[in-house]
Amino acid sequence: MTTSLPTITLNDGHTIPQLGFGVFKVEPTETTRIVTDALEVGYRHIDTAAVYGNEEGVGQALASSGIDRSDLFITTKLWNDKQGTQSALDAFDESLEKLGLDYVDLYLIHWPAPANDRFVESWKTLQTIRETGRARSIGVSNFLVPHLERLLTETEVVPAVNQIELHPAYQQAEVTAFAREHGIHIEAWGPLGQGKYPLLEEGVVTTAAEAHGKTAAQVIIRWHLQTGNIVFPKSNSRARMAENFDVFDFELSNTELATISALERGGRVSAHPSEVN
Ligand code: NAD
């Protein structure tokens, strides 16, 4: 099953399945069941975070799945209040223990938290963690161009990814162009707009869906994949997990991609990265 998943090669040579499953707002008590469903559907890439409070449930699902560790791609994230060298190391150890793993595939700084002005120091700590092999790849999340510029000028290691809010109505052209120019892959969080934008009802999306005999959500996911984004849509429903995974038997035309891209309206649904501290 995993062989059919397209992969992207990161700037450190590791590969990541382009489509995964995210567990933001998945209740800790439900996480093992939901991640087990996702693994059974065929997902092999799971995106969690310390602050989601559900790393243990993810770990239990991984352990009971019987899937080879080498076939899985697991991401978790460092929360803002765990900055500073020792606390970042402690936070990482805690995440690894909760996940029941001896390494993660990708470890991210969750938000730059610029008011603390510690993200460069945290980034250096992530480099140390990577050197021990306990995080294969390291990256950032919710970083804007000035934050990325500081990492590039003050440290030696370019993040493998920047995970940002991104969907057709909010494409973040500036940070995306900067990232691509520097070999940083874009992970699009909230790929379906978190249900806060009427993306699935947009005429250009439903027209493309009808043309291909697919659903609106599948069209949006396909738009991400063909645009080069790494995505991990979230759903608690196994039927929707399967729907979101069933996106490899059709292709959007360049015209369809362009009309969907024209849905850009330039407004985020989340907090501004300079305000999360
Ligand atoms: P999403 O865009 O994946 O939207 C999830 C919503 O879409 C859910 O309410 C779900 O019911 C609905 N949905 C899912 N599949 C559907 C379908 N086929 N048809 C109709 N509705 C459907 O939003 P998200 O969960 O916020 O983002 C995905 C992942 O990104 C998260 O789970 C998390 O892993 C990550 N994320 C990261 C950050 C960050 O700060 N780094 C922030 C938010 C999310």
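A nitrogen atom of the ligand is 2.8 Å from an N or O atom in the side chain of Ser-141, a polar contact in the sense of a pair of N or O atoms within 3.5 Å. The protein covers 87% of the 830 Å² of accessible area that the ligand has on its own (Shrake-Rupley method, 1.4 Å probe). This is a predicted model, in which local features need pLDDT of at least 70 and side-chain atom pairs count only at pLDDT 80 or more, while totals for chains, interfaces and linings use all residues. Side-chain values use heavy atoms, without hydrogens and water, and residues are numbered from 1 along each chain as its sequence is written.

**Ligand contacts**
- An oxygen atom of the ligand lies 2.7 Å from a polar side-chain atom of Asp-47.
- For Glu-243, an N or O atom of the side chain is 3.1 Å from a nitrogen atom of the ligand.

**Ligand shell**
- The ligand is surrounded by 26 residues (a heavy atom within 4 Å), and the closest include Leu-192 and Gln-194.
- The shell has 11 nonpolar, 10 polar and 5 charged residues, where Asp, Glu, Lys and Arg count as charged, Ala, Val, Leu, Ile, Met, Phe, Trp, Tyr, Cys and Pro as nonpolar, and the others, Gly among them, as polar.

**Salt bridges**
- The count is 14 salt bridges (a side-chain nitrogen of Lys or Arg within 4 Å of a carboxyl oxygen of Asp or Glu).
- One of them joins Glu-30 and Arg-33, with the closest N and O atoms 3.4 Å apart.

Notes: A polar contact is a pair of N or O atoms within 3.5 Å; within protein, one must be able to donate a hydrogen and the other to accept it, and residues adjacent in sequence count only if both atoms are side-chain atoms.
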